[in-house]
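Here's a quick briefing to go with the structure you're about to look at.

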Amino acid sequence: MSIIKKIEAMHKQYGITDGKKCGDCVNLIERQYGNKYFKCAVYGMSCSTSTDWAKKYQACGMFNVEVTPDKHRAISIRVPENEIMDGQIKIPLDSFERCDKPQEVEG
Ligand code: SF4
């Protein structure tokens, strides 16, 4: 399993809202724990830094679709290893020469 970025997981799950940023979304919630932090109510509102959010993120398809904040993570941020990610190339296994074949010896 590989970890993908939080906002990429949101885009994958809900799509993208062009021309908008998370900072303008009703689901971006400000929290004060000594310092000021932002959380996405759709993604999850735990106290962990793993749910910290940035105003500059490209808005997802849930932009301004109001939800009740939930401390639990709403979506998984993991993808199976065999799933091809954007920009990744695929090399078919049969394009490799097998190295466990018996070697032919000359002479
Ligand atoms: S719901 Fe709002 S704050 Fe959360 S990722 Fe989407 S646009 Fe950003």
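Start with the ligand: its shell is made up of 12 nonpolar residues and one polar residue, with no charged ones. Keep in mind that this is a predicted model.

**Around the ligand**
- In total, 13 residues surround the ligand.
- The closest of them are C22, C25, C40, A59 and C60.

**Overall fold**
- The chain has one helix and six strands.
- Following the sequence, you'll read them off as β-α-β-β-β-β-β.
- The chain runs to 107 residues, and 21% of these count as buried.
- If you take contacts between residues at least 6 apart in sequence, 70% of them link residues at least 24 apart.

- Strand β3 covers residues 28-33 and runs antiparallel to β4, with six bridges joining the two.
- Y33 is placed opposite N35, which belongs to β4.

**A look at G44**
- Where does G44 sit? You'll find G44 in the loop between β4 (35-40) and β5 (58-60).
- Is G44 buried or exposed? G44 counts as buried because it has 20 C-beta neighbours inside 10 Å, and 20 or more is what the buried class asks for.
- G44 and D70 are 26 residues apart in sequence, yet their C-alpha atoms are 5.7 Å apart in space.

Technical notes: Residues are numbered from 1 along each chain as its sequence is written. This is a predicted model: local features need pLDDT of at least 70, side-chain atom pairs count only at pLDDT 80 or more; totals for chains, interfaces and linings use all residues. Helices (H or I, at least four residues) and strands (E, at least two) are DSSP runs, numbered from the N terminus. A residue is buried if 20 or more other C-beta atoms lie within 10 Å of its own, exposed if 12 or fewer, and partly exposed in between; C-beta atoms are placed from the backbone. Two residues are in contact if their C-beta atoms, placed from the backbone, lie within 7 Å. A residue is near a molecule or strand if its C-beta atom, placed from the backbone, lies within 6 Å of it. Ala, Val, Leu, Ile, Met, Phe, Trp, Tyr, Cys and Pro count as nonpolar, Asp, Glu, Lys and Arg as charged, and the others, Gly among them, as polar. Two strands pair if DSSP finds at least two bridges between them.
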